[in-house]
Structure formats: C-alpha cells, structure tokens
Amino acid sequence: MSDIIQLLPDHVANQIAAGEVVQRPASVVKELLENAIDAGATTIKLIIKDAGKTLIQVIDDGKGMSTTDARLSFERHATSKIRTADDLFQLHTKGFRGEALASIAAIAHVELKTKQEQDDVGNTIVIEGSNVVSQEVVVTPKGTSIAVKNLFFNIPARRNFLKSNTVELRHIIDEFHRVALAHPNLSFAMYNNGSETFNLPISNYRQRIVNIFGTKTNEKLVPVDEDTEVLKISGFVGKPEYAKKTRGEQYFFVNDRFIKSAYLNHAIASAFDGLLKNGTHPSYFLNLKVDPQTIDINIHPTKTEIKFDDEHTLYALLRSAVKHSLGQFNIAPVLDFER
Ligand code: ADP
Ligand code: MG
C-alpha cells in the first residue's frame, strides 16, 4: 500500500479559493466595500491607482477589529457574521463565507490598519502572499483601512490576463455604482489616480441615482412601490421613451444586494410590453425585500446569483408592480391600442 493524498497547505488552498472569489480588481473592490458596510461604516472611501492594478484601498469609519480579530480576519473560513448553518437563512450581512480577506491576501500585498472606538491605539498588519510580514501597534482613527497592492503579483498568468486600464476601471466603477445604489443612507467617495471621481453624500434613493447618473436622470424616473405579503418592491423604472439600444442602467437588488437574474429581468422587460421601440431596453433601479428564509444566496462564491423558493410568484408580482406604476403615470401602452 502507498498513500498519496495530502492536505493542501493553507496558502495553496487560499490561492485556489482566490481563483473563484477574485477575478479582477473589481472583485476586490466589491469584497472590501461590502466588509465596510457590514462593519457599520457610514463614510466609505475607495482609492484606486492604475485601475486597481497597483492599488485598491478602502477606508471606513466602521467598528474596526481587535488585535486578535485583525490577525484572524485573514484566515480562511474565519468570519464574525455567521455561527451556524441555519444563520445562512437569516443573513443580514453581505459577507458570511469568511473567504475574501484570506483569498485576497494570498494573491496580493495587503496592509490593514484597524482600530475599535474604545481603544487608544489600533493594529497594522502587512501580509504578502499569505505570509504575515509584520503586525504592529499603530495610531489610526476608528475604523478600518485595507490597502491591496500588486494584485496577482504571484500569479503572472492572471496578471497578464487583466484587460486594459480603461476596461478594468469600468468594472470597478460598475461595482462601486452597485454598492452605492444599494446604500443611499451611507456616504461614498471614489478617487482614481489622485482625483475625485465620485462624491456621494447620504441621500434618498432618487438623489443617489441622480448623483451617480446626472441631473437629467431625474425626469426619467417613474417610482415603483408595492407592498405584498411575500415581498416589498421599491425603486424606479425609466420612462419608456428614454429606453436605449444598449442595456444600460439595469439594477436589481434583493435585500440590498445586487443580483443578476435573467428571469426577473424578463419580468420587468415584459411589463414594458408594447411601450418600447424595437430593440431598446428599459432602465430600472429596483429593490426587492424578501424574507431571508425564502432565498439561498450561497450558490456562487461571488454571491451575484440567488435561488428563490418561489420564482414564479416573484415574476408575476414584479411584472404587475411595474405595469401598475407605468399605468399610474399615464404611460399608456400606445402600441396595444393601435393593434
Ligand atoms: P466575511 O465578510 O465573509 O466574514 P471576510 O474575509 O471578508 O469574510 O472578512 C473576515 C472578517 O474580518 C469579517 O467577518 C469581519 O469580522 C472582519 N472584517 C473584514 N473587513 C472588516 C472591516 N472593514 N471592518 C471591520 N471588520 C472587518
Ligand atoms: Mg467579506
């Protein structure tokens, strides 16, 4: 007999997990912004250099971490957000897999600074490719700053695979928009290569949309509001006359999380039946609130897909809510009458 199976060392396992969690700089942006939100931050700053290839930094004023937690946060499956498998169906946080920081630290140079409100000093930790380079006491404001440098420094194939700065920056901005739209009650700023790209003060949802997409957007928005036993729908759809040939602003959030769903996108599009010129797509900014017991978000590491217990009912409710709003605002299905 000869045994050949071995447990992989942690840094190898982390690097493998990173392959799923971190596809590009924008994935790091998403994970760091979500951690800041989970930490109860109200002001969140994103700093980018070279489209995230040299620096991605998120600074928050959230609750910070203790000395021990600061070190533990980089271990795989280390999380403060769930304790039992049942908690997966009561999620009120973005994170729960305890994987992001371990994955990021496996494939980049990471510098963490963190301090809890009640402490006089905080901690700074430097980790490069899963190796802790230093951990020291530091004077730093309440909250957390995580700087991620030289992403994929130890995976040349991944680094070479990155697209141009223009494309990677576009992905980062998309991710920033998604998070900022889900949380108008928090203030966000983004700096790219030293200049301010976005400064979004705390506001209501309409203002947040307008702050991101420009004042002209305001007149295009039709409110959607529907409260039923199974779900609450709120947000806006774009007036049909502003629909574009390209799939532009289509944002769909479930319990404050940006979600991709071709099926529910179809429900919204079908509510516009007869209102849109051929080949154009409506814009929408819609939030669904559902009981966390009725969804499963743990079907993909990036958490942009979701499994609903009863997708058909959601489809019908969503379609009718949008139709109702369009009707209320006298946006009559012109083509239907002409037929
Ligand atoms: P998850 O978010 O799934 O728990 P992460 O790897 O993203 O996993 O983070 C691990 C842990 O580190 C979190 O559960 C949290 O306790 C802590 N943490 C990460 N980022 C922050 C932050 N910005 N502020 C406070 N704590 C944080
Ligand atoms: Mg996280």
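The protein is divided into domain 1 (10-200) and domain 2 (215-333), with bounds that come from an automatic or database domain assignment. The structure is a predicted model, in which local features need pLDDT of at least 70 and side-chain atom pairs count only at pLDDT 80 or more, while totals for chains, interfaces and linings use all residues. Residues are numbered from 1 along each chain as its sequence is written, and chains are lettered from A and ligands numbered from 1 in the order in which they are written.

The centres of domain 1 and domain 2, taken over C-alpha atoms, are separated by 29 Å. Between the two, 13 residues of domain 1 are in contact with twelve residues of domain 2; two residues are in contact if their C-beta atoms, placed from the backbone, lie within 7 Å. On the side of domain 1 that touches domain 2, the elements that give two or more residues are helix H1 (10-21) and helix H6 (165-182). H6 gives the most to this side, with three residues. By class, this side of domain 1 has six nonpolar, three polar and four charged residues. In this classification Ala, Val, Leu, Ile, Met, Phe, Trp, Tyr, Cys and Pro count as nonpolar, Asp, Glu, Lys and Arg as charged, and the others, Gly among them, as polar.

The protein as a whole has ten helices and 15 strands. Helices (H or I, at least four residues) and strands (E, at least two) are DSSP runs, numbered from the N terminus. The C-alpha trace spans about 70 × 60 × 45 Å along its principal axes. Of the 339 residues, 37% are buried. A residue is buried if 20 or more other C-beta atoms lie within 10 Å of its own, exposed if 12 or fewer, and partly exposed in between, with C-beta atoms placed from the backbone.

Helix H2 (residues 25-38) has 14 residues and reaches 20 Å from its first C-alpha to its last, close to the 20 Å expected at 1.5 Å a residue; the expected span is 1.5 Å times one less than the number of residues. H2 is mostly covered, as 13 of its 14 residues are buried. Gly40, whose phi is positive, near 80°, follows H2.

Ligand 1 has 23 residues around it, of which Asn35, Ala39, Ser73, Thr79 and Gly95 come nearest; a residue is near a molecule if its C-beta atom, placed from the backbone, lies within 6 Å of it. H2 and helix H4 (100-106) are the elements that give two or more residues to this shell. The shell around ligand 1 has eight nonpolar, nine polar and six charged residues.

Most residues other than glycine have a negative phi. Asn150, in the loop between strand S6 (143-149) and helix H5 (156-161), has a positive phi of about 50° although it is not a glycine. Asn150 counts as partly exposed because it has 16 C-beta neighbours inside 10 Å. Phe152 is found in the loop between S6 and H5 and has a positive phi of about 65°. With 19 other C-beta atoms within 10 Å, Phe152 is partly exposed.
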